[in-house]
Amino acid sequence: MRTSDNLKRGSVELMLLTLLKEKDMYGYQLSQELGRRSSERYKLQESSMYPILYRMIDKGYISDRRELVGKRKYRVYYHIETEGLNYLEQIKKEYLSITEGILEILGKRID
C-alpha cells in the first residue's frame, strides 16, 4: 500500500472516530456529517467508508448494532469502544504533529 493511501485511510479513521466519539451514527449519517462539517469540501462515498468501518470493527475500535426503522428496514449504528478512544487519541497526536511539520515547511503556523 502506498504512503498516500495509508495517510488517507488514517485521516478517514480519524474523522469517523471523532464523529463517533460524540454519538452513535449510521453510515449515511456519518457521510453527511463529514460533508456538512467540512463545508462540503470533504465528501466520502458510503461505498468507500464501509470497508474502513468494517476494518475498525475487526480491530475492536468500534461496534455495530442493528435498529429496526419502520416495519422491515434496519439501520446499522456504529459505536466507538474504549479501544477506539485510545486509538483516536494516538492517531490525533500523530496527525497534528505531521500537519504542524508540513505547515512549518510551507511557512505557516498553527496557533
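Modeller: In this predicted model, the 24 residues of helix H4 should span 34 Å at 1.5 Å a residue, and the 35 Å between its end C-alpha atoms agrees with that value. H4 comprises residues 82-105. Its buried residues are Gly 84, Tyr 87, Leu 88 and Ile 91. An α-helix has 3.6 residues a turn, so residues three or four places apart point the same way. Beyond H4 comes Gly 107, which has a positive phi near 85 degrees.

Three aromatic pairs are counted in the model. In one of them, the ring centres of Tyr 87 and Tyr 61 are 4.2 Å apart and the ring planes meet at 10 degrees; since planes under 30 degrees apart count as stacked, this pair is stacked. Tyr 61 belongs to the loop between H3 and strand S2 (62-69), whereas Tyr 87 belongs to H4, so the contact ties together parts that are 26 residues apart in sequence. Tyr 61 is likewise buried, at a relative accessible area of 12%.

Met 49, Ile 52, Leu 53 and Met 56 are its buried residues. Viewed down the axis of H3, these buried residues fall within an arc of 105 degrees, so they line one face of the helix. The face turned away from this buried side carries the exposed residues Ser 47 and Asp 58. Tyr 54 also lies in H3; its relative accessibility of 46% makes it partly exposed. The C-alpha atoms of Tyr 54 and Asp 64 are 9.3 Å apart, although the two residues are separated by ten positions in sequence. After H3 comes Gly 60, with a positive phi near 85 degrees.

Eight bridges join S2 to S3, and the two strands form a hairpin with three residues between them. Gly 70, in the turn of that hairpin, has a positive phi of about 80 degrees. On the other pairing, S1 meets strand S3 (residues 73-80) over two bridges, again in the antiparallel sense. Here Tyr 26 has Tyr 77 as its bridge partner in S3, and Met 25 stands opposite Tyr 78.

Two arginine side chains are placed over tyrosine rings. Arg 75 lies over the face of Tyr 26, at 4.0 Å from the ring centre. Arg 66 lies over the face of Tyr 74, at 4.1 Å from the ring centre.

Most residues other than glycine have a negative phi. Ser 39 is not a glycine, yet its phi is positive, at about 55 degrees; Glu 40, also not a glycine, has a positive phi of about 65 degrees. Ser 39 is placed in the loop between helix H2 (27-37) and H3, and Glu 40 is in the loop between H2 and H3 as well. Ser 39 counts as exposed at 53% relative accessibility, while Glu 40, at 44%, counts as partly exposed.

Finally, the confidence of the prediction should be kept in view. The protein chain averages a pLDDT of 89, and 89% of the residues score at least 70. Confidence is lowest in helix H1 (residues 3-22), with a mean of 81, and highest in strand S1 (residues 25-26), at 97.

Definitions and conventions
Residues are numbered from 1 along each chain as its sequence is written. Side-chain values use heavy atoms; hydrogens and water are left out. pLDDT is the predictor's confidence in each residue, from 0 to 100. Helices (H or I, at least four residues) and strands (E, at least two) are DSSP runs, numbered from the N terminus. Buried means under 20% relative accessible area, exposed over 50%, partly exposed in between (1.4 Å probe, protein chains only). The arc is that of the directions from the helix axis to the C-beta atoms. Rings of Phe, Tyr and Trp (its six-membered ring) pair if their centres lie within 6.5 Å; planes under 30 degrees apart count as stacked, over 60 as edge-to-face and the rest as tilted. A charge sits over a ring if NZ of Lys or CZ of Arg is within 6 Å of the ring centre and within 35 degrees of the ring normal. Two strands pair if DSSP finds at least two bridges between them. The expected span of a helix is 1.5 Å times one less than its number of residues.
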